[in-house]
Each structure stands twice: as C-alpha cells, then as structure tokens.
Amino acid sequence: MRLNWALYGSLSCTLMVVLICGAFAFRLTKTPSATQSATFNVDASSQSARVMPDNLFGIFFEEINHAGAGGLWAELVSNRGFEAGGKNTPSIFDPWVKIGNDSNILVSTDRISTLERNEVALKMEVLCDNDDNSNPCPSQGVGVYNPGFWGMNIEDGQVYNVVLYILSVDSIDLSVSLTSSDGSQNLAQHTIEADEQEFSSWTRIEFELESSGTNSNSRLQITTSKCGTIWLDQVSVIPSDTFMGHGFRKDLASMLADIKPRFLRFPGGSYSQGRRLANAFRWKSTVGSWEQRPGHFNDVWNYWTDDGLGFFEFLQLAEDLGVLPVWVIHNGISLNDQINPSSLPSFVEDVLDGIEFARGDPESTWGSVRTEMGHPNPFELKFISIGNQECGNKNYKANYLKFYTAIKAAYPDIKVVTNCDGSNGQLDHPADLYDVHVYTSASDMFSKSQLFDKTSRNGPKAFVSEYAVTGNDAGKGTLVAALAEAGFLMGLERNSDIVEMASCAPLFVNNNDRRFNPDAIVFNSSMQFGTPSYWMQQFFKYSNSATYHPSTIQASNYPSLLASALTWEDTDSNRKYLKLKIVNYGSKVVSLKMSISGLETKISSGGLKTILTSSKLSDENSFEEPNKVVPVMTNISRAGETMSVAIAPYSLTSFDLLLESQDLRIFID
C-alpha cells in the first residue's frame, strides 16, 4: 500500500507513515480491559481565540553525548589537531593509532606547529625504507590511522574534502587513503610526492577523495614506505555533501528541520558553563578559520571537542533552519568555580563583542571577523540567556544585573532570559523571560500540564528551555515518556499567554557515548532514528503562531485525558486546518464525543487522523526497529462539527480537519 498526498500541502511531508497491516491491527485492535466515555467540547469562535507565540516550540542543542563532535558536525576525524592530549609534549594522541612497530616507525607529538593557537603536531620518524634491503617497510607501509568517532561512514560515489598540514625536510611519498577498519579494503586514495626541502616549511594540502565503495566503519590512513621525518597537523576529512553546504551532517540536520522549530538554544546547558572556568565554552576561541581554533576539553561530559562547531556555526545552523538563535552566555560562574567579581567587566565586554560578531556591521571590529568567514549580513540574534541554572549561586543576581544593564544599553531590542524561576512569585530583578527546567518522572510530567495554570499573567514570560521525562520509565526513550511529555506540552499550549518558548533536552545522542537518557534523536556513524519523544514533537510543530481555541475534555473518574484545539495554516498551500489533539494516558479505550462550536468556516468532509501508540508502555525505537513507535496516519472520510471517535489506550491522537470548501484528495490505494 502507499499514500497519495495530492493537494494536501505539506501537512504530512515529515511524518513517518507505517503501513504494515499487521502492525496497524496489532496496535489499535488489541482487546481493551474497559471502555470509558468522554466528551470533548471546543469553542472555535474568534471571540475566544488566542494567537499563540511565534516561537513557542524550538530546539535546544548541547554538546553532550557527542551530539556535535562526531555527530551533527560532519567532521570525520577525531582529534584532528592532536591537541587533545594537552600542550605538554610528548602527549597522548588518541584516537590516532600507529601503523607499524618501533623497529620501523616512531610516533609522538611535538610543539612545532606553525599555528599560533594550536602548537602541537604529530611527528612520524620513519625508520624503514623499501629501497633499503636491511630494513624494508611492511607491504602496506607505516604511518598512522584515525578511526574517527567510532568508525567513519564512507559511501560509494561520495566525495570527501581532505585538508592536512605537512612539514618535512626530506623527500616524501605519502599515501592518504580511506580504508576499512582493518585497512584491507581501500575505498579512496591520494598520493603526495615531494622532493627534499619542498615541504621545509609548513604547507597546507587540500584535495578530494571519491569513494569507490561503502563501509560504515572506515578509517583515515596516512602511510609511507620512505625513510624520513614528517610532521602532520590539522588533518580534516569532511563530506562535500552537507546540510545547506555548511558542514552539518545532512540526515541529522534534516530531522531538525522536519519538526519545524522556531528557535535554537545553544551551546548548552552545563556545557556552556564548564565544570571549571578554564574549560567553559568561550566563543572567541571558536571563530575564525577552523585550523586556528584551539579546541577545549568538555569537562562536563568528559570528551575533547575541536570546536569545529563553534559560535559562527551555531548562528549559521539557526539561519539554515530558519529559526532564531538563543545564545546561552557564560556569566562568570562555572559548576565548580567562578571569576573574581573584579574580572566581571571583561566577561561583560566579551558578550557585547559576541553580539557585535553576530549583528554588527561588516566594518565593525567583530562584524568584520564574521564577514571574513563569509557572512557579511548580520545574524538575527534577538535572545540572550544569562547563564544556566545558577540562580542559587550567591553571585548570580549581581552578575546578572551587570550583563542585563550592558546588553539593554547597547541592544535594547534583545530579550534577556534570567535563570531564576518566576512561575511561583514575582522576580526581584528585571527580565524579559525566565528559564524553567523540568526533569521528572512520567506520571509527574503528565501532572505538570497544570504547572503554569496559576502563574501570574503580569511580568516576564516563561521559557521552558529544558524538559524531559527521566528515571526508570524513561528508558532510552519510551512510549510512556512521550505521552507524558505530550500532556505537558498541551498544558504549555493552554498557558501560552504566559509561556513564550519551550524545548526538550537533550536533543542528540551518539549511541556509542550515552551520557544522558533519554534523547530525541539517536545516531551512529551511518544511521539515525527518532525516539517516541521526537515523533511526539511532530504533533506540535504547527502550534507556533497558530490560533488556540479553549476546550474542555471530561470523563467521569478518569483523569487520564488531556486535549487541545488550534487552527493552523499551511503557508505553502494557503489551507487552514483545525487540529484536535488528545492524549490518553490511561489503560482504557475512550469513546469520545467531540463537539466544535463557533466555527466561522465549514469543516471539509475529509481529514487526517494521526496516532502515536504501541503495544507496551516501555516500547522504544532502535536501529533494529527504528519504526516501532512512530505516528500512523489514516483518512477520515466523514468529518464534521460533531464526531464520535475511539481513542486508543496509552496513545497520542490528532485530527487535522480541513476548513473551508477545499478539495481534499488524500487516499490510500
């Protein structure tokens, strides 16, 4: 079977459709233990309607779980600059591995690089030579290889851009190749030959490799069979085909685009703070040419990052996704230490410089750096979050006021976010938004749909920048976690007069480095899938700027139902839809009578029903079963202002009803 989406706009472009008859029947026709009656009444009149915020739902990126390094950022070489072992040499150079033994090659690090902020380079002393019968090199040569981040995904016919720096006073014959993990399969190769003294000063080499095969567990190999000493530095391999051509892994970035976020909060989280000041994300160290970025140790999540995914790249990603960037700045407080108050002015100035980098004229001091990086036009930076979860620190509010005052004086249009929660009482300092983080069990998350019901409507708006079901029932991303979060988001929709923004956390996890569970998107070097929580967010992607309609859902002695109603417009087709969402967090099938009043336009006779459910609450998606828990869509042949429907137990269901007299041709054949 297949779906024909003719004339239905982009409503279903990004929903995964499961059309296996057996699976469909298994999920939806299992024998229930009981049936519950309920009513769902929607007031769709214009008098009671309210437009929801433009930026209600977005995404939050943190460098955790190798989300960026070895993930969204498409660089394939790990520790490409040999800096991960520290400045004192000789140092470790993991994950680089020597090819050969001590009788034919010696490998170490050396502080000899020409790059001012990246002094460490790799030194290869080749002792063997194929022209020397007394000590010939092995048949495959000697050198080093880099396995990337748990294997490089190399695909047949794809082109990879390679850059490396070389220094040697000897003549060289160097082979740069992409091979299988054991070196037996050669996928692509390039030879660099030079006479003595040709590379006597550091030389940047750049070329392309086109793969003749596919291997998801490949490595980069640099070998020679010629005696001499060679230094290498800043070795990079990146696919030529990336998202929008800007270096982001295409499959992962596309999954972000598919949920239609309206903002991108970055770079953390705790990652923005660092456990110690020395290891915090400092934006100035992450801009300019990638070769000059020193990288830093992510001491919160315990791995090295080369900072290829830096401040500029985050701004570029936001622009590529068509969303607003939200920059979480360092306010002088890390997890285990903080600056002396006398040093705070330099941190404030650093943030103002960062805003100038993002928004300044091309001729300005920092705007010119952005221009040199290829982006003369300003980025649309309108939100600054001052720190992350430091409100309880004794110096936070004093620091905050220094940043707030300086930012508002220079950029009065920027909205400033405080870490201090204002949902239960008035703040004692100025702010445009206050940050709220919600990490809790599934049952408590569902109950928190009422979190903002009694919040004052005066003062700053709420920004729920991090929410997730955690604990045993969360697993690695379960159905029950997704349903609980759906209920929570319905509460945010209902309270969107005071809640302006919300995003889940964490966004990504490399399956080889799980530091936090659950996550929205799981990946390895070659594959990816969305957890149920990712697919749940598909139900909310049209809520931004939509018109919210008040509604009531009632069921006697069954507090497991939540619902919302809104009208949204598909800007591609100029069609309007009434979307009704119901989450059933209980074990009963619900016989639901829906009644819609006050509509100013008629409902078309057709529509689309989408359901997210599975056979067990603990069901998860995986690489083996990536579509175990995904939305399933079916046609509605008879839609109207009154409808009787069955809502499956433990499910999230939506009905998209086309408004006005528009031709709707959506059918399964």
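This text walks through the structure, from the whole chain down to one residue.

The model is predicted. Start with the overall build. The protein has ten helices and 37 strands. Its C-alpha trace spans about 90 × 60 × 45 Å along the principal axes.

Next, look at how the chain packs. Buried residues make up 58% of the 669 residues. Take the contacts with a separation of 6 or more: 76% of them join residues 24 or more positions apart. The accessible surface comes to about 25,700 Å². Carbon and sulfur atoms account for 46% of that surface.

Now zoom in on helix 9, residues 479-494. How far apart should its ends be? At 1.5 Å a residue, its 16 residues should span 22 Å. The end C-alpha atoms are 23 Å apart, which agrees. Helix 9 is also mostly covered, with 15 of its 16 residues buried.

Last, find Thr 455. It sits in the loop between helix 8 (442-447) and strand 23 (461-469). Is Thr 455 buried or exposed? Its relative accessibility is 6%, and buried means under 20%, so Thr 455 counts as buried. Which residues does Thr 455 touch? Leaving out residues up to four places away in sequence, they are Gly 422, Ser 423, Tyr 434 and Ile 498.

Note on methods:
Residues numbered from 1 in each chain as written. Predicted model: local features only at pLDDT ≥ 70, side-chain atom pairs only at ≥ 80, totals over all residues. Heavy atoms only, no water. Helix = DSSP H or I, 4+ residues; strand = E, 2+ residues; numbered from the N terminus. Expected span 1.5 Å × (residues − 1). Buried < 20%, exposed > 50% of the residue type's maximum accessible area, 1.4 Å probe, protein only. Contact = heavy atoms within 4.5 Å. Areas by Shrake-Rupley, 256 points an atom, 1.4 Å probe, with all protein chains shown as cover.
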